[in-house]
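Me: I am new to this structure. Please take a close look at one part of it, the sheets and their surroundings, and go through it step by step.

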Number of protein chains: 2
Amino acid sequence: GAFSPLMFARAQASTFRLEMVSSFPASLDIIYGGGEEIARVLDELTGGDVQITVYPAGAQVGGFEVYDAVSSGAFALGHSAAYYYVGRNPAHAFFTAVPFGLTAQQHNAWLMAGGAQELWNELNAQDNLIAFAAGNTGTQMGGWFRREINTPQDLRGLTMRIPGFGGEVMTRAGANVQNLPGGEIFLALDTGVIDATEWVGPYDDEILGLNQAAPFYYGPGWQEPSATLCLYVNLDTYNAFPPEIQEAFRTAAHAANELMLARYEAENGPALQRLVDSGTQLRTFSPEILTALRGHMDEVHDQNASGNEFYARTLESFTAFRDNIREWHRQAEYAFQNFIYDQSAQEEAGG
Amino acid sequence: GAFSPLMFARAQASTFRLEMVSSFPASLDIIYGGGEEIARVLDELTGGDVQITVYPAGAQVGGFEVYDAVSSGAFALGHSAAYYYVGRNPAHAFFTAVPFGLTAQQHNAWLMAGGAQELWNELNAQDNLIAFAAGNTGTQMGGWFRREINTPQDLRGLTMRIPGFGGEVMTRAGANVQNLPGGEIFLALDTGVIDATEWVGPYDDEILGLNQAAPFYYGPGWQEPSATLCLYVNLDTYNAFPPEIQEAFRTAAHAANELMLARYEAENGPALQRLVDSGTQLRTFSPEILTALRGHMDEVHDQNASGNEFYARTLESFTAFRDNIREWHRQAEYAFQNFIYDQSAQEEAGG
């Protein structure tokens, strides 16, 4: 062939060793795999020049400490979710998920072609960071419930594990909101310490065994219509990279972003079937409940935007993009799916 | 910083020049941009070692001749759509779009995590090619019509430009099917030589000026619920690449795949609004029409699978994946969107 590996030999056999701290446990192999995929791609693209060691949550820093650890330069890289850092600025949530927000395809469009990457860069640069989308769970499920939820009144007094904006919404709906790390959820639900929990979706929820602790599995995941994970890079480190290594990280992040979603999408269907076979009962939140929760989310947005110029500006970009893309989807992708599901419902009814 | 560009200097300043033939005209900037994006990424990743010249359709070979041109080795690379090559084997269509098939997110999942890449490799290897997903239009529109289509009977005798499987379906529905290249569609529609045409979606259709030639714009694009474009690489050339260049092409294809869809998704909404402002009337095909067309597509599948072992095997993989992922989407992503659209319809009705 015209190419020879020797022609790509480096002037020096220099190896750069970088460390990546992940917010996720290795047991959640698809989401943790997003960080591993970036490490694999960098190794391949550079012919082994860039070696990245990935540490699962807790091995070096806690899962919610990734942002600070990369910001400080203690670690060059992180694989995490921006909405873990809403305590620093609630606007971080827009770059992962907000309740009643965007699907994965729509969120990618806002980030990559709708001006959101520039907003995200502005926010992260304050902490000496830059981030790129690097994985998506797709639309999540609404969670596991020990009893059925038929009306907004049924949410009053319900003790539920649900973090972030979803938790703020549920608090306003009258629930007692808890936040528990993944490893503690099963026992709390199984013993009735909590009445309900959300986690991710069929594949990950099955790994935690949540179907053994509660019978009712509600959709849709109004709290996370999609969830974008991200690669954090220390900004000083990133700026010191030669251009081809910067491009390698940006391109690897695209690959990880697309592959994680593909894997979740391919695995969630079979996992859902296994859950149903194990006795799980599927339920869908009523429009009345979802409408009430959406009203509470509007209140959360109003409160966050008040006195936070960046949040208000990001909300404006997000809302305009969301409204516009929904009108487009109404004509094409949603209209197509509406036919598919309405038609299958009629055929099941013998129509 | 710890990194210096010099550390990544090549042993020799070797430059490899490759040529890519595109099936698309440069005027359709988003779809043509998929090939340009791959060229840009390869340039960046290799620090300029790999230089790719991209030729629009017709500059070197015709838009439908890309497969043969790369298969023969006349050109190393192509950016095209597999379903242009159904004359060689109708199974090529599965790797771009089939009527009533998968959305972009679902098609990515089938290709990247559902076993379809392996099937595609098997098909392409027969012609000394390998292909990777490298762009998506998202769900397309159903097309432009000079008169309204209310029942399946209205399709009888209709002269429509619609290629591929969509055209076979419309033929079975009683239409007179034409195939015209993009540059000839406007005049044919404007003068009434054809009664209807499909093209892509708002952004691309506006570039062709189709809104000036017909008033009714129908959704959804049942014929292409999504359309995956692809990078073709001559297999001998690919096998001769060093591993880091192979990985660079695979990773660049992921980036191009994701970015093209993001760009279409971000641009179609504003383009749709401009079309409506120009007088375009939006319409949705009735369930009765879509049900009839879907029945015809089942006939096309049956005919193609008969005596074509590879088609039958691919159809089996595709159908099983489609049915499974639709059950998953029913609980989460579709349930979420169903609430969004039903609720907005009720609010518009004052409900």
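Reply: In chain B, strand S5 (residues 143–145) pairs with strand S8 (residues 196–197) in the antiparallel sense, over two bridges. The model is a predicted one. Within this pair, B:Trp144 stands opposite B:Thr197 in S8(B).

S5(B) and S8(B) belong to an open sheet of six strands, in which the pairing is mixed and the order is S7-S6-S8-S5-S9-S11 (chain B). At the edges of the six-stranded sheet are strand S7 (176–178) and strand S11 (281–284) of chain B, each of which pairs on one side only.

Chain B also has an open sheet of five strands, ordered S2-S1-S3-S10-S4 (chain B), again with mixed pairing. Its edge strands are strand S2 (50–55) and strand S4 (129–136) of chain B, and each pairs on one side only. From one strand to the next, the twist averages 25°.

S4(B) pairs with strand S10 (residues 228–234) of chain B in the antiparallel sense, over six bridges. In this pairing B:Leu129 stands opposite B:Asn234 in S10(B). Across S4 and S10 of chain B lies helix H4 (residues 116–125) of chain B, which runs at about 130° to S4(B).

Next comes the contact between the chains. It takes 91 residues from chain A and 91 residues from chain B. The size of an interface is often given as the accessible area lost when the parts come together. Here chain A and chain B bury about 8,500 Å² between them, with 64% of it on carbon and sulfur atoms.

Polar and charged links cross this contact as well. There are two salt bridges between chain A and chain B. A:Glu247 forms a salt bridge with B:Arg40, with the closest N and O atoms 3.3 Å apart.

By type, the residues on the side of chain A that touches chain B divide into 48 nonpolar, 25 polar and 18 charged.

Conventions
Residues numbered from 1 in each chain as written. Chains lettered and ligands numbered in written order. Predicted model: local features only at pLDDT ≥ 70, side-chain atom pairs only at ≥ 80, totals over all residues. Heavy atoms only, no water. Contact = heavy atoms within 4.5 Å. Buried area = accessible area lost by both parts, 1.4 Å probe. Salt bridge = Lys/Arg side-chain N within 4 Å of Asp/Glu carboxyl O. Nonpolar A, V, L, I, M, F, W, Y, C, P; charged D, E, K, R; others polar. Pairing = 2+ DSSP bridges. Helix = DSSP H or I, 4+ residues; strand = E, 2+ residues; numbered from the N terminus. Axes fitted to C-alpha atoms, helices over the stretch in contact; angles between N-to-C directions.
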